[in-house]
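Hi everyone, thanks for making the time. I'd like to walk you through a few local features of one model, so please have a look at it first.

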Amino acid sequence: MEDLFGHMEIGDFFVNQFNDFELCYKQTAKKFDLDNIHDLRVSIKKVRTLLLYLELASNKKFDPTDSLQLLNPIFKNAGYIRECQINICLLEQFDNKVSTLFRDHLIKKQTKSGKKLNREMNDFDINELKGMYESANKHLCELSIDSINQVSVKSVENKIHKIKILKDKASGKFWMHKIRKHLKYVSEILEFLSSFIEENEFKDLIKKAKSCSKLIGEWHDYQVFLAAFIRFLTIKKINNKASRAIYKSIQIKIEELMRDIDYHLDLMLDASNL
């Protein structure tokens with residue numbers, strides 16, 4: 001009876017993730033605002049994590065390739081809009097002629113990206129994805145609670161080991177992005193485990209992993225902001241006091257975030273003895 005109950009809870013968690021994606025998809029189709037685009041991308045990340053996990057847990061009896069390929073165009077194009085939206089928000093802290101010109105540039109880019117996402121969403125067949133997801137859920141129900149627990153913990157330990165290695169050489173954007181992907185996986189899979197384990201022994205680790213992921217996300221936003229600003233300055237051939245002031249301010253913020261990330265990563269790794 002306990003195994004059956006456990007499977008029901010696991011199945012509910014798995015299905016609920018798809019339902020969340022479906023809701024976010026419908027909301028975004030109505031309006032491409034900041035919150036909707038963000039929620040859509042987060043829901044896709046959660047679905048992708050579970051599908052990749054299931055591939056591992058089923059010894060590759062389940063292949064998520066088709067599902068992932070179906071989601072990729074929407075995720076990618078929503079990302080372009082998200083990037084513009086975040087850049088516009090970060091730009092609000094500046095008020096000079098250069099920032100005004102950059103804002104106008106970003107708004108035009110956002111409009112163009114919105115048209116492309118609209119085409120992708122019109123072509124997207126959510127029922128096809130739903131069929132693939134239901135097939136994945138059947139594979140999940142074939143697994144025992146013990147095997148799910150073992151695979152989950154082992155995969156999380158593997159990700160944390162990779163984070164430790166990457167942290168030692170995280171001097172560039174690429175490594176920090178990899179760390180963030182691993183942190184997302186850790187928090188998502190541990191939340192999945194917590195859905196059918198009464199004693200939530202992972203609560204502290206989930207909290208610390210999410211905290212690190214949020215900081216890295218903010219750091220990434222500023223990195224993207226800086227890169228977009230530099231491209232804009234190059235295209236427009238702008239190099240004046242106002243542009244240099246904005247550039248310096250962004251650089252200082254990035255350095256502050258890096259110090260915070262380093263501290264919180266240590267806290268997370270200290271809490272990761274599963």
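Predicted model: local features only at pLDDT ≥ 70, side-chain atom pairs only at ≥ 80, totals over all residues.

Residues are numbered from 1 along each chain as its sequence is written, and side-chain values use heavy atoms, with hydrogens and water left out.

Let's begin with charge. Lys 76, Lys 112, Lys 115, Lys 116 and Arg 119 form a positive surface patch. For a patch, residues must have over 30% relative accessible area and no salt bridge, and like charges are joined within 9 Å. A salt bridge here is a side-chain nitrogen of Lys or Arg within 4 Å of a carboxyl oxygen of Asp or Glu. Accessible areas come from the Shrake-Rupley method with a 1.4 Å probe.

Which helix gives the largest share of that positive patch? That's helix 4, residues 97-123, with four residues. Helices, by the way, are DSSP runs of H or I, at least four residues, numbered from the N terminus. Lys 112 sits in helix 4, and with a relative accessible area of 67% it is exposed; exposed means over 50%, buried under 20%, and partly exposed in between.

There is a negative surface patch too, made by Asp 63, Asp 66, Asp 125 and Glu 128. Asp 63 lies in the loop between helix 2 and helix 3, the latter being 65-91.

Now to the arginine. Is Arg 41 buried or exposed? Arg 41 belongs to helix 2, residues 34-57, and it counts as buried because its relative accessible area is 17%. Leaving aside residues up to four places away in sequence, Arg 41 touches Phe 75, Ala 78, Gly 79 and Arg 82, where contact means heavy atoms within 4.5 Å. Lys 253 is 212 residues from Arg 41 in sequence, and their C-alpha atoms are 25 Å apart.

Last, the backbone. Lys 60 has a positive phi of about 65 degrees, although it is not a glycine. You'll find Lys 60 in the loop between helix 2 and helix 3, exposed at 66% relative accessible area. Lys 237 also has a positive phi, near 55 degrees. Its place is the loop between helix 8 (203-236) and helix 9 (241-270), and Lys 237 is exposed, with a relative accessible area of 77%.

Note on methods: Patch = residues over 30% accessible without salt bridge, like charges linked within 9 Å, V, L, I, M, F, W, Y side chains within 5 Å. Lys, Arg positive; Asp, Glu negative; His and termini not counted. Charge placed at Lys NZ, Arg CZ, Asp CG, Glu CD. Helix = DSSP H or I, 4+ residues; strand = E, 2+ residues; numbered from the N terminus. Buried < 20%, exposed > 50% of the residue type's maximum accessible area, 1.4 Å probe, protein only.
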